[in-house]
Amino acid sequence: MRRSASLQRLLIYGLSGPIIALNVWLLSVLFRYFQHPITVLSIGAILAFLLNYPVKFFERARITRTQAVIIVLLATLTLFGILGVTLVPLIIDQTIQLLNKIPDWLGASQANLEQFEMLAKQRRLPIDLRVVSSQINANIQNLVQQLASGAVGFAGTLLSGLFDVVLVIVLAFYMLLYGDRVWYGLINLLPSNIGEPLTASLRLNFQNFFLSQLLLGLFMMLTLTPIFLVMKVPFALLFAILIGISELIPFIGASLGIGLVTILVLLQNWWLAVQVAIAAILMQQLKDNLLAPRLLGNFIGLNPIWIFVAILMGFEIAGLLGTLVAVPIAGTIKGTFDAIKSGKPSNFVSTVTIARDPPPD
């Protein structure tokens, strides 16, 4: 009996790897085939998750849910309209200027490397930076060309992008109104010991995770913008927004954004790049050690290695969208399995309490 049980366990473990790999491949194929509708639905769901907080706030003021949803959506559209009129043109203008400046910065960086190499030769140091500098310049030039072509393509598809924005807002509106009914209709198809922890874990990981990442990214933008302006960093607003947006990618996003900005500044002035890196890293440490624990808590409960693996798998399956949702999906799966194992639907690795809404009649 023991031998047959151990063989059965080994068989299950041996088959789990190929089955997981097959499912990942199948998901990547399905996403590529239905990429556009899945992307629109996912963004609409994330927006509905985020807007559910202010909707509940208005509901506490004895306003019907339909009225609260309309008020929140109108306020959101007004905010987006103000940003679109004031901030977006400034960002586009700075982006175009940056693309035009990078070739000049490449020339200046090449001259600085030649001076450094000559100084090394005078001191008889065996340093040859020509191959390295040429490769770096070639890679950056290719990146600039890709960004420029992408900007042209973005301008060409602006009308379809606006249509997608309207579609996302309409989807978010109906998800806020009828999402619970659809969700509970699907959950009722599952056993109660799976449906209840899955619902709680999904809310915990998605709603709180994306709201926290958004607030952390906003913190990086608001703190780094005046710092970069005081330091007279070129394109200070654009670089601060770039670091803040990269914060939306969990675990590694902020580091990637800081590294990219540091490299761009390094092309012009190495000492200014050092100051930019120090300032951004200090703000990142302040965010990670003071703000992030209070906002995020331990509600994901994942080892950093598994977070990194989830991000890589998410990127392989769905690109940028996959990196954004990989960690909350992994946290949802882990939280659900932990609750099923313990036999308690509310037993999660969490410091956040979830207010559960009863299913609609």
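The second largest pocket lies between domain 1 (36-189) and domain 2 (193-346), because both give residues to its lining. The domain bounds come from an automatic or database domain assignment. This is a predicted model: local features need pLDDT of at least 70, side-chain atom pairs count only at pLDDT 80 or more, and totals for chains, interfaces and linings use all residues. Residues are numbered from 1 along each chain as its sequence is written, and side-chain values use heavy atoms, with hydrogens and water left out.

**The pocket**

A pocket is an open set of points on a 1 Å grid over the protein atoms alone, where a 1.4 Å probe fits, with protein on both sides within 12 Å along at least five of seven lines. Lining residues have an atom within 4 Å of a point. The volume here is about 2,200 Å³. Of the 49 lining residues, L202, F206, V325, I329 and I333 are the closest to the centre.

The lining splits by class as follows.

| Class | Lining residues |
|---|---|
| Nonpolar (Ala, Val, Leu, Ile, Met, Phe, Trp, Tyr, Cys, Pro) | 34 residues |

Helices are DSSP runs (H or I, at least four residues), numbered from the N terminus. Helix α10 gives the most to the lining, with 16 residues.

**Leucine 41**

L41 lies in helix α2. L41 touches L171 and M175, where contact means heavy atoms within 4.5 Å; residues up to four places away in sequence are not counted. L41 and V168 are 127 residues apart in sequence, yet 7.2 Å apart in space, C-alpha to C-alpha.

Technical notes: Grid points are joined across faces, edges and corners, and a volume is the space filled by probe spheres set on the points. Helices (H or I, at least four residues) and strands (E, at least two) are DSSP runs, numbered from the N terminus.
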